[in-house]
Amino acid sequence: MFDTLQDFKQGLRGLVSELDPEVLDGQTASRLTSEFAELERLAAAGKALCAGRVASCGAWRSSGEKSPARWMARQTGTSVGRALSVLETAQSLRELPEVDQALRSGQVSEPQATEIAPAASASPRSQSELLEAAKSDSLQELKQRCARVRAAAAADETERYARIHSQRRLRYWTDAEGAFRLDGSMTPDAGATVLSALEPYLEDLSRQARQQDRHDSREALLADALVAVAEHTRGCEDSAEQVGPAPAVRVLVDQAVLEQAKVLEGQTCEIDGAGPVPASVATGIMADSNLAAILMDGKDVTGISHLGRTINARLRTALQIRDPRCVVPGCYISHKLQIDHIRPVKLGGPTELANLARLCTWHHRQKTHHGYRLSGGPGRWIWEPPAGKSPLPQSEPTRSASGSPPQKPPSRAREPVQPLALPGL
């Protein structure tokens, strides 16, 4: 096997070293590109299969690396995350004969296989459909299709969503060249919020680039937009509410999903450009969004509803004065508060002062996704856990001898404030 591979590699090396693309006509160059692409897919398949064996038999340990992924990343000159995806794909091929055969024959590329394998593992009967789609879909379209398959195959969509949230992360480091690098993972709705916040800055930066006859890539301008958002936020130190334009979020959802409050196989419930979400998240998108619900019936759009939940300036000002901090008794968070419909809009709750309250991100998430209830009113708010669950410990404000509450909360143990998430209604 080694002799055959070495002879082939030597012949290919000689072919490439003598290749002069300038003497090729367009048709010949196109055909050669296709042939080299197939060779590349076959080589990637062999690499993945052999690397999977190295990982399973433990041969990587002799290299002194900490993990099979780190060993492979060093061998192939790729990132650890990319290497891990390939190894996971190789491991899953044992249970996915159609995907295994497609990879071995060069019908799908390594990136395509790493997208298809997890989806096919979650829904084995989808192998043929996904492999067929890989022939015509772009990689991005295939990723979205695979994400839908995995979401539909999840036994509990809320549990899947909670797992993604629990594994959220944002890593940063400086690479060998000195560049600041970011890598993140979060729920689709949180990702949509981030992208929506960047979009207005991206449009402005793109317009400036055109005026200056610059040809910066979209990725470069997105990086500039992220810096612009950070600079804008830093300039609003005394006004935490004013952090840029309101995000615009589009939810693609089947009418049946709204009626049954869950997503069944074959139904659509996703944030446009971000991916599938549970029905509870789609119906609980933040009240402050410029929200449009795109009603679907399969692949057909049956209607567009701008849900009209935006809080107007008068209501927002009244809420800021009435609720200077999270209204949950014992919570002292006073920044990045979110506006909640005490009685949800989908249950007929009106967008008026008596039905609105400001909550911190953590308590808003508890109310939206975990069954907690808010009742009462200013000065007599009541926070109740779902049936059968003990309430989270809350400490009441300590009063001074004069009977007035302190200006700052006493030191106490408290649930950590969660990262920004799209709130419910």
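This is a predicted model: local features need pLDDT of at least 70, side-chain atom pairs count only at pLDDT 80 or more; totals for chains, interfaces and linings use all residues.

**Note on side-chain contacts**

1. Arg373 has a relative accessible area of 38% and is therefore partly exposed.

2. Arg373 forms a salt bridge with Glu384, with 3.9 Å between N and O. This pair joins distant parts of the chain: Arg373 belongs to strand 10 (residues 373-375) and Glu384 to strand 11 (residues 382-384), and the two residues are 11 apart. Glu384, at a relative accessible area of 31%, is likewise partly exposed.

3. Which aromatic residues pair in a stacked arrangement? The rings of Tyr372 and Trp383 do so. Their centres are 5.5 Å apart and their planes lie at 15 degrees; planes under 30 degrees apart count as stacked, and therefore the pair is given that description. A search of the whole structure returns 2 aromatic pairs.

4. Tyr372 is located in the loop between helix 15 (361-369) and strand 10, while Trp383 is located in strand 11, so this pair ties together parts that are 11 residues apart in sequence.

5. How many salt bridges does the structure hold? The total is 14.

6. One of the salt bridges brings together the side chains of Arg218 and Glu199, at 3.9 Å from N to O. Here too the pair connects distant parts of the chain, with Arg218 in helix 11 (residues 218-234) and Glu199 in helix 10 (residues 188-211), 19 residues apart. Glu199 has a relative accessibility of 31%, which means that it counts as partly exposed.

7. Glu132 and Lys135 also form a salt bridge, and their closest N and O atoms are 3.3 Å apart. Is Lys135 buried or exposed? Lys135 counts as exposed because its relative accessibility is 62%, and the cut-off for that class is over 50%. Glu132, at 48%, counts as partly exposed.

8. Finally, attention is drawn to a network of salt bridges that links three residues, namely Lys47, Arg82 and Glu110.

Terms used: Residues are numbered from 1 along each chain as its sequence is written. Side-chain values use heavy atoms; hydrogens and water are left out. A salt bridge is a side-chain nitrogen of Lys or Arg within 4 Å of a carboxyl oxygen of Asp or Glu. Buried means under 20% relative accessible area, exposed over 50%, partly exposed in between (1.4 Å probe, protein chains only). Helices (H or I, at least four residues) and strands (E, at least two) are DSSP runs, numbered from the N terminus. Rings of Phe, Tyr and Trp (its six-membered ring) pair if their centres lie within 6.5 Å; planes under 30 degrees apart count as stacked, over 60 as edge-to-face and the rest as tilted.
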